[in-house]
Amino acid sequence: MAKTHRFFSHHAHEFLRVAACTPVATVGDIAANAAAAIALARRGHDDACDLLVYPELNISSYAIDDLHLQDAIQRATDAALAEVAAATAKLRPVLLVGAAIPRDGRLYNCAVAIYRGRILGVVPKTFLPNYREYYEKRWFVSGDGTSGTIDVAGQTGVPFGDDLIFAASDLPHFIFHAEICEDFWGPIPPSTYAAMAGALVCCNLSASNVVIGKSRQRMLLSAAQSDRAICAYVFSAAGPGESTTDLAWDGQGMIHELGELIAESARFEGDPELLVADVDCGRLRLERMRNGTFNDTARFAGVEPASFRRIGFEAKPDFADVGLKRDIRRFPFVPNTPAKLDADCYEAFNIQVSALAQRIVAAKAERLVIGVSGGLDSTHALIVAAKAMDRLGRPRDAILGYTMPGFATSDGTKGNAWALMRAIGVAGDEIDIRPAAEQMLKAMDHPFADGKPVYDVTFENVQAGLRTDYLFRLANQHNGLVVGTGDLSELALGWCTYGVGDQMSHYAVNAGVPKTLIQFLIRWCIRTDQYDAETDRVLQAILDQEISPELVPAGKDGAMQSTEDKVGPYALNDFFAHYIVRHGMAPSKVAFLALKAWEAVSRGRWPRDFPASARTAYDLSTIRFWLEKFLFRFFTISQFKRSAIPNGPKVSAGGSLSPRGDWRAPSDGTAKPFLDELKANLP
């Protein structure tokens with residue numbers, strides 16, 4: 001497929017390509033510093049960057065002490081800024097360079113925004129460190145409260161002050177702010193106010209000498225600021241070549257977004273580095289819109305968009321396909337890195353266990369009642385229930401597990417159900433629902449009762465409903481609590497039988513966990529020895545089987561009913577659900593992200609323990625096909641089931657679908673606006 005369509009451009013989906021630059025500095029050789037800045041600008045242009053962030057005072061050098069006050073240094077700096085502006089006049093990126101600039105008899109430590117030969121504005125540093133190894137007040141004046149203009153590098157009337165935000169007139173998401181080093185070490189960084197006034201990308205030009213542990217502190221501050229200010233944060237620290245008279249420099253560069261590390265540079269390198277990543281300004285825009293605390297804080301602080309001067313420029317985007325420099329997780333509910341995966345699985349599993357234990361105590365239930373099919377969801381619910389009983393100091397045989405074979409139950413799943421119940425040590429039993437189902441179908445005059453192979457939704461739901469009906473009556477009989485097994489993925493798709501069916505229970509312990517995460521949780525239980533070897537063996541066998549509701553008998557070819565053949569791959573459905581429920585993204589952007597995540601098996605990281613044999617790729621036509629199905633199911637036909645779901649714990653920051661939690665929507669809604677948006681913006 002030709003990729004000339006606007007859909008394939010990152011700019012069309014509100015991404016911005018930013019870079020933290022680490023030039024090789026000199027000890028006051030300003031011409032060399034300018035040449036180093038220009039060289040990185042050219043690399044940034046070739047990489048299709050929109051914004052380049054350089055270290056603090058990179059033009060004049062940082063650690064030159066009293067030389068900042070020498071007239072020759074100041075004149076050379078002014079000439080160098082003019083040279084950088086001229087040399088980058090035909091380049092794509094905006095440059096944020098650092099320079100010491102005199103104004104009205106005072107010297108300011110500044111960030112200078114340069115674009116296509118024009119100096120857009122000059123932002124002075126607000127907080128000047130003057131403790132321990134720092135003596136900045138010896139040379140510089142704080143820019144706090146400054147405003148107006150300045151003549152610099154041969155250009156007159158250049159905006160100057162701590163009240164500047166830069167915004168592209170033709171790329172609405174390209175809105176950025178600059179602060180300098182110590183500014184974000186203060187209790188309230190200037191970028192906090194700028195973000196509340198509308199800046200989506202906050203940049204820090206830093207010198208920041210390195211000592212043991214300081215890189216972790218910078219990382220913490222950058223992550224926290226991007227999270228608290230709901231912004232992207234680009235940090236660039238001085239690196240090789242700065243004076244080491246008393247200090248050393250590591251050249252740390254990093255890019256965060258909403259608390260998440262998007263990219264980080266190498267440290268202590270001798271070569272110049274350009275750390276490039278695409279930040280999702282659309283995600284930031286949507287997050288601010290739904291975060292009332294962010295907007296209330298701006299109002300309480302008296303910050304409005306008009307509180308800052310907006311300096312406009314034309315970005316002149318060509319909406320070309322330049323790829324996406326960003327790691328998009330295939331499984332957004334599942335971390336890619338082993339340490340994070342283990343930590344998240346530990347939390348998710350224990351959230352479920354703790355929640356169920358609390359409900360058992362609150363309900364004064366003597367037993368738990370659970371239908372055990374031998375499939376993923378009931379398996380996970382059962383092992384959670386076992387741990388909940390362990391935690392409460394109750395015997396596992398207070399769990400009443402029932403396997404309830406129907407017309408399509410396979411020997412494999414039934415055998416796994418029994419093997420699991422025996423291994424876990426619960427009280428197992430079997431109720432054959434076929435006689436009751438046949439009686440009901442006969443009373444309804446259903447064709448199946450006359451021997452006809454009619455396997456319609458009525459045929460399926462008679463079985464699903466009978467199973468749930470039995471479970472509730474068994475709970476009445478044994479003073480028990482019915483544990484729901486349905487997961488978040490099924491709620492999103494409406495893939496559950498409403499009312500007296502698997503949509504209903506006394507407590508829906510899996511309702512906040514998507515299918516893809518359940519698979520990883522079970523693998524985590526195996527890997528971390530949560531149970532014994534026999535239980536692990538059965539759990540692995542269950543993981544290895546195809547997902548099926550087993551409500552329709554196998555065809556003549558012996559093929560069993562496949563859930564994913566009907567509703568689509570759960571990997572894609574969970575991907576769609578995450579970006580639509582958690583972030584409210586337009587379907588076309590969800591398709592773009594899915595394509596970047598799934599179009600090549602070899603691209604990006606796969607989570608730990610994900611079988612190599614199960615790794616697959618999806619092209620755009622496949623993604624579009626299943627996304628259309630998802631949108632229809634999610635927005636048109638399934639909300640009434642979610643509006644009446646039982647209690648259950650929220651597990652993932654990706655959201656839940658409870659009407660008492662993350663998701664409220666009309667049951668009689670329509671998918672039309674979403675399908676129309678997708679159709680209008682995909683090739």
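Two strands count as paired if DSSP finds at least two bridges between them. Helices (H or I, at least four residues) and strands (E, at least two) are DSSP runs, numbered from the N terminus. What follows is a predicted model, so to speak in two parts: a sheet with its helices, and a helix pair.

This is a predicted model, where local features need pLDDT of at least 70 and side-chain atom pairs count only at pLDDT 80 or more, while totals for chains, interfaces and linings use all residues. Residues are numbered from 1 along each chain as its sequence is written, and side-chain values use heavy atoms, with hydrogens and water left out.

**The sheet**
- Picture an open sheet of 6 strands in the order E5-E4-E3-E2-E1-E14, with mixed pairing.
- Strand E5 (118-124) and strand E14 (273-280) sit at the edges, each pairing on one side only.
- On average, neighbouring strands here are turned by 35 degrees against each other, direction ignored.
- E2 (residues 51-53) and E3 (residues 94-103) pair in the parallel sense over 3 bridges, and leucine 51 has valine 94 as its bridge partner in E3.
- E1 and E14 run antiparallel, joined by 8 bridges; cysteine 21 stands opposite leucine 274 in E14.

- E14 is mostly covered, with 8 of its 8 residues buried (under 20% relative accessible area, with exposed over 50% and partly exposed in between, using a 1.4 Å probe and protein chains only).
- In a regular strand, side chains alternate between the two faces of the sheet.
- On one side of E14 you'll find Glu273, Leu275, Ala277 and Val279, and on the other Leu274, Val276, Asp278 and Asp280, all buried.

- Helix H2 (residues 71-87) lies across E3 and strand E4 (106-115), running at about 155 degrees to E3.

**The H18/H20 pair**
- The axes of H18 (residues 620-637) and H20 (residues 672-681) come within 9 Å and cross at roughly 160 degrees.
- H18 and H20 are therefore roughly antiparallel to each other (angles over 145 degrees).
- Arg624, Leu627, Glu628, Leu631 and Phe635 in H18 meet Phe674, Leu675, Leu678 and Lys679 in H20.

Methods:
Axes fitted to C-alpha atoms, helices over the stretch in contact; angles between N-to-C directions. Contact = heavy atoms within 4.5 Å. Parallel < 35°, antiparallel > 145°, perpendicular 65-115°, else oblique.
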